[in-house]
Amino acid sequence: MSVPFLEQGTYELLQQVARFFTERHPTQVYLVGGALRNLLLGLPSDDWDLVVAGEAPRLARQLANHLGGYYAYMHEKASRVVVRTPGGEWLIDVGPLTGSSIEEDLRQRDFTVNALALPLASLLSLSSPSDLASLPWIDPCGGLADAQARLLRAVDPEIFRRRPVRLLRALRFARRYSLRIEPATEALLRRDAELLASEVPERLHGELYRLLELEDATTSLRLLDRYGLLTVLVPELEPAKGMPQPPPHYWDVLEHSLETVGALEAVARLLQAEPLPLDTLSCSSWSQPLLLGPELAEPLAQLRALVAEARNQNLPLPVELTNPAWKLAALLHDIGKPVTLSYDEQGVSHFYGHQQTGAPLAESVLKRLGASSQDRHLARLVALHHMRPGQLARQEVVTPRALRRYFADLGAQGLHLALFSLADHLATYGPGYPSRPAGAWEAHLACVALLLRSYLYERERFLPARLLTGHELIRRLGLQPGPLIGELLEVIAEARAEERIHSKEEALWLAREYLQARTADSQETHAPGPGS
């Protein structure tokens, strides 16, 4: 463990806070929480927690006035002071002391490395920011020793039962701070895993997204699985474990889903303006040969240039692919497979219609986890359409009609989905990539480049403005609202994209022709047969 050390700006600010309480409001005030943990682990912090034996909201407001900062009441356990200085922005959360003493307060926290305190007044005796080790640390649960050993230990056996969301927080802390979960706490994680299903969705959402914000989300998801938490959050994944897939799949359904998340991060890294190394990702051992081969330098450079153009057009590629919503969508893209598993006469497994089946399942999972409607829609879209770029890549020619239909269905998200499909392709073959059909990966890269190039530079050609609205069709042709209106709009849009029509009158003519042909077909279908 590094020697606790305060940066000069933080040291000066905390001394101002300490003098405020000592000179104007003499009361028990303690530094607590994550900032102290970060100090012990050698990490910076601009977010400080104070507990006070007094009326916390009133004291926080007065502190904000004293420091020239801003005050915000958050909830009964915290009021926030925001201080902006030339050195940055600091957050100071002020909360009331819980229990009759600081020791009792600390024993009600989650993990020992978070159950530490320093009397704020003791900072005034410091001669320099590096003297923190000499201060009177309050450590009723052994947090100092655990920080030294980089151990994550529960304060008591009931912490997860009191607040199940801490099950997720434990894994986030372990990953974020490179802590080893000690055996007794591991046993508590497994014992109480099922309690996670009783947590309120908003808490689940917040903590799960913070966990997935960390790089190498596949490792985080495997940790969830190791302690039995993954299938509590997403029970639909339970039957995916060990469910084999036919060639060309290298992994079973669950493993493929997990590896797709890592492959998505790898693709996003390589497509940055300044590509980031893959070494810190768990998928690097098998993905690097596919992504870093010398023969791929030119195709990847072309993709990188297209992604840069997307950013110029205010489309957030590829950064958005690494946000938690996309990682969850990647995890759930094949969630329809367990439900649609079937076997042919040769005993080969198939998953016919898994996209259509998986779309509402993925959406319902995100809803259960408290996700926004936008994130739920994304999960549905990825599950429903994830195979389309790969299907286009296997065609000899991608026609303008196919491009129009793709982007008419997906809009700008079609760009993200195209890049996602690269990750899906990588995680299909995995380490078995030498068995991949010759040229398949190169063809997929070329197709994705075509999709990006077409949308970025030519979308006005195959996604032109509508010549007619549905209301105009109803009024001009005397139709009734219904599915037929959408059908007509689609026919007109295709003809417009193919430059077969150019005006509103031509669009109306085409609609009339289509309706006449449709009526004739219907009459022919229902005409009496010979001898009737």
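The side chain of S421 reaches the backbone oxygen of A418 at a distance of 2.5 Å. This value, like the others in this report, comes from a predicted model. S421 itself is part of helix 21, which covers residues 413–429.

Is S421 buried or exposed? With a relative accessible area of 2%, S421 counts as buried, because the cut-off for buried is under 20%. Leaving aside its neighbours within four places in sequence, S421 is in contact with H386, P389, H444 and V448.

## Helix 17 and its buried side

Helix 17 runs over residues 354–368 and has 15 residues. From its first C-alpha to its last it reaches 21 Å, close to the 21 Å expected at 1.5 Å a residue. The buried residues in helix 17 are H354, Q355, G358, A359, A362, V365 and L366. Why are they on the same side of helix 17? They cover an arc of only 140° around the axis, and therefore lie on the same side of the helix.

Which helices do the buried residues of helix 17 pack against? The partners are helix 9 (201–213), helix 15 (324–331), helix 16 (337–340) and helix 18 (373–385). Just after helix 17 comes G370, which takes a positive phi of about 75°.

In general, strands of a sheet pair through backbone hydrogen bonds, either parallel or antiparallel.

Together strand 3 and strand 4 form a hairpin, with two residues between them. Y73 stands opposite S79 in strand 4. V32 has A117 of strand 6 as its bridge partner.

Two residues other than glycine have a positive phi here. R150 has a phi of about 55°. Its place is in the loop between helix 5 (143–149) and strand 7 (151–152). The phi of D216 is near 60°, and D216 is found in the loop between helix 9 and helix 10 (217–226).

How is R150 classed by its relative accessible area? R150 is partly exposed, at 29%, because partly exposed lies between the 20% cut-off for buried and the 50% cut-off for exposed. D216 is buried, with a relative accessible area of 6%.

The bond joins P247 and P248, and its omega is about 10°. P248 is found in the loop between helix 11 (230–233) and helix 12 (253–270).

Technical notes: Residues are numbered from 1 along each chain as its sequence is written. This is a predicted model: local features need pLDDT of at least 70, side-chain atom pairs count only at pLDDT 80 or more; totals for chains, interfaces and linings use all residues. Side-chain values use heavy atoms; hydrogens and water are left out. Two strands pair if DSSP finds at least two bridges between them. Helices (H or I, at least four residues) and strands (E, at least two) are DSSP runs, numbered from the N terminus. Buried means under 20% relative accessible area, exposed over 50%, partly exposed in between (1.4 Å probe, protein chains only). A polar contact is a pair of N or O atoms within 3.5 Å; within protein, one must be able to donate a hydrogen and the other to accept it, and residues adjacent in sequence count only if both atoms are side-chain atoms. Contact means heavy atoms within 4.5 Å. The expected span of a helix is 1.5 Å times one less than its number of residues. The arc is that of the directions from the helix axis to the C-beta atoms.
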